[in-house]
Structure formats: structure tokens, C-alpha cells
Amino acid sequence: MPRRKGAPEVNAGSMADIAFLLLIFFLVTTTIETDAGLDRMLPPIEPPDQDVVIRQKNIFTVNINKNGQLLVEDQLMDLKDLRNAAIAFLENGADGSCNYCKGRKDQSSSDNPTKAIISLKNDRETKYSTYITVQNELVGAYNDLRDREAQRIFGRDFTEMEAEYLNPETPSSIRDDLKDKVKRIQDMFPQKLSEAETTSN
Amino acid sequence: MAKFTKKKDGELPAVSTASLPDIVFMLLFFFMTVTTMKDSSLLVENTLPNATEIKKLEKKDRVIYIYVGKPTQEYQKVFGTEPKIQLNDKFASVDEVGSYILAERAKKPQELQNVLTTALKVDKNANMGLITDIKQQLREVNALKVNYTTYEGNAFNNLQ
């Protein structure tokens, strides 16, 4: 009896069909996530123990009405000018103690970036997209200033450093080094964005 | 004449499809790695606004999602066209948000419970009134870290 030549070959012709089936299954059941956005902290509900006295000139008020118009420091303003107005307010440095500020040192505007507060108010009928645009511009104002200082001190953008610091894939040795740098820039321009309860009328 | 017939007879050699499974598997693995499973189907319209100053939401296990928008076409007959909140797979009212957050938080492992982020996926046509109510609810249950999920793009496109 002649010996067989090994096992018979399995027909792999339908392999492509099986793989296609799997591929289509994954295409249908999954999504490419678009999870990125503006990070914000809400104020805690308990009021602070003692009242903090904040001078009016250290507050930059931004009001959005239901038509999406902006009232900034009691003046009507176009959304496109908001970022520059916020930057001018933040780095005004009226008390002269801020040596990295390039503001006009206007006595009627903020004393110091660490004291400057941006207060955002909106109407209940304000559109969400307008609100996000305003938030984006205000966060952008902080980021622009932080980027400028980070460029001056460390020679790279703050947003890039922060993204690398927050990325879990960054090795911890680099992360420890970045932590101090990020902290230092954040302390120069602390993000103080207060959101009061909305008005309804 | 013989020349012509010969040409007609000579059929094209079949293209080898032996490497087709490999190609398809490659595609399959690509999609398996870059995508994630859908966790809930959307009942609301969800066109997010654009923003430029965005940060990526790393670590999906630390995120609780809240969807807001007007109900999709098929639900509009029942729920109307006013923007609604969607928690998991169903519509909810504002006062359910707090308990939902607490329930979701209790499901997470202990060490993650303090570092959770609430991702607000809000349709750009929604009104701020509803968002303010949600924010108030979040403050009440001390879920203070929020992320307004957006697409990356010029923020001024939102206004059109």
C-alpha cells in the first residue's frame, strides 16, 4: 500500500469571505472616537468660609445675551475681539509686581495676573455653540499668554508641554520634569474663570 | 486567420487572489485597533460645536457621558423637538442627572472615583438653560470636573 503524502491541504478559498465578514462587523459596531474638548472645573457648591473681597477692577465681566451678543466690561464687543481684550486685561499688571507682563499698566484694569478674574455670565436662552465659542476664546487667551511665557523660558509651547505631560504614554522621567515646568507657567497665569448662575428674564 | 483565432483562444490568466485574505486581515486589524466599541446608541441629534483650545480625553474608563440634544426624527413624535438629556440608553429629566452620576461613580473602582470626568456631549443648537441645570446638578453631587466635548475646528464656524 502506498503511503499518503502528508495531510490533505485545507481549502483556504473562503478565508477572504470570513475575514470580510469580521471586517464588516467591526466597521458597523465601532466608532472612531472624537473625544476631545474644553476641560473646565465647576465651582464647588459650598460657599467659601470667608468672603473674599475682590476689587471691581480685577474682574473682567463677560455677558452673553440670548441673541449671542457680548457685553464685555459694559461695552458691546464683537466675538473676534474678545481674545485680545482678555489678554490685555490679564497681563495689564497695574501694580507693577508682574515683571513678565507686557500690558499697559492701566490703573483702572487688573493689578496682577494672579488676581485677575474673568467672570462669565450667560442667559438661559443663549445658544450652546455661542457659549462654547466664548469659552474657547477665553481659554485661548490664557493659552496664548502661557505659550508666550513658555516660549520665552523653555523655548516651546505650553499647550504642547501640557499635552505631553497629560499623555499617559509619556515616560515618567520626562513627565516629572514637565510637571514643574507646567506648574510654573500655570502659576504665572492661573486660570480664574468664574461662572455665575445664569440670569433668566 | 489562424492568428486571430489563436488570440481569441488565449484567455487572460486568472489574477491570483491568494493574498486577498492577508489584505483583508490587515484592514480588519487596523479597524480593530483604531476604533472603539459603541457603548450606547444616540437618541438625540449630536452635532458638537467646534473649538481650537481642546484637550484630549485620555482613559475612557474615567469618563461619564451625558448627551444633550433634540430627539432624533423617529423620537420626535413622542418626545417633541425640545432638547433632551440622554443618559445611557434612555431619555432623562434634569433631576435624574445627579443620581445617574452617583450610580455611575459607584460602579467604578475605588481608586478612580475621585478622578472622574463628566463629558458633556451637547448639540450645538441646545440652549444654555438646560446646560446650566445640568451643571447645577453636577455641582450638587460634587462632580466638578467637566469636559465640553467638541470637534476640532475654527470656533467661529459655530456662529453660522
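Two strands count as a pair when DSSP finds at least two bridges between them. Keep that in mind for strand S4 (residues 70–72) of chain A and S5(A): 3 bridges join them, and they run antiparallel. What you're looking at is a predicted model, and the predictor gives the complex an ipTM of 0.74 and a pTM of 0.77.

**How confident is the predictor?**
- For chain B, the average pLDDT is 82, and 92% of its residues score at least 70.

**The sheet in chain A**
- Five strands of chain A build an open sheet, and reading across it you get the order S5-S4-S3-S6-S7. The pairing in this sheet is mixed.
- Which strands stand at the edges? They are strand S5 (75–77) and strand S7 (193–195) of chain A. Each has a single partner strand, so one side of each is left without a neighbour in the sheet.
- Going from one strand to the next, the twist averages 30 degrees.
- A bit of background: strands of a sheet pair through backbone hydrogen bonds, either parallel or antiparallel.

**Helix against helix in chain A**
- In general, two packed helices are described by the angle between their axes and the distance between the axes.
- Helix H2 (residues 79–90) of chain A packs with H3(A) at an angle of about 40 degrees, and their axes are 9 Å apart. That angle is why H2(A) counts as oblique to H3(A).
- Left-handed or right-handed? The crossing of H2(A) past H3(A) is right-handed.
- On the H2(A) side, the contact is made by Leu79(A), Leu82(A), Arg83(A), Ala86(A), Ile87(A) and Leu90(A). The H3(A) side includes Val134(A), Leu138(A), Ala141(A) and Leu145(A).
- Sort the residues of this contact by class and you get 9 nonpolar, 2 polar and 3 charged.

**Helix against helix in chain B**
- Now find helix H4 (residues 96–107) and helix H5 (residues 128–140) of chain B: their axes come within 8 Å and cross at roughly 45 degrees. Because of that angle, H4(B) is oblique to H5(B).
- The crossing of H4(B) and H5(B) is right-handed.
- H4(B) brings Val97(B), Gly98(B) and Ile101(B) to the contact, while H5(B) brings Ile134(B), Gln137(B), Leu138(B) and Glu140(B).
- By class, the residues in the contact of H4(B) with H5(B) come out as 4 nonpolar, 2 polar and 1 charged.

**Where chains A and B touch**
- How many residues does the contact take from each chain? It takes 48 residues from chain A and 51 residues from chain B.
- On the chain A side, the elements that give two or more residues are helix H1 (15–29), strand S1 (30–31), strand S2 (36–41) and helix H3 (128–154).
- H3(A) gives the most to that side, with 12 residues.
- The side of chain A that touches chain B has 22 nonpolar, 17 polar and 9 charged residues.
- There's strand pairing between the chains as well: 6 bridges join S2(A) to strand S8 (residues 145–152) of chain B, and the two run antiparallel.
- To spot that pairing, look for Leu38(A), which stands opposite Tyr148(B) in S8(B).

Conventions:
Residues numbered from 1 in each chain as written. Chains lettered and ligands numbered in written order. Predicted model: local features only at pLDDT ≥ 70, side-chain atom pairs only at ≥ 80, totals over all residues. Contact = placed C-beta atoms within 7 Å. Helix = DSSP H or I, 4+ residues; strand = E, 2+ residues; numbered from the N terminus. Nonpolar A, V, L, I, M, F, W, Y, C, P; charged D, E, K, R; others polar. Axes fitted to C-alpha atoms, helices over the stretch in contact; angles between N-to-C directions. Parallel < 35°, antiparallel > 145°, perpendicular 65-115°, else oblique. Left-handed = near helix turned anticlockwise from the far one by under 90°. pLDDT = per-residue confidence, 0-100.
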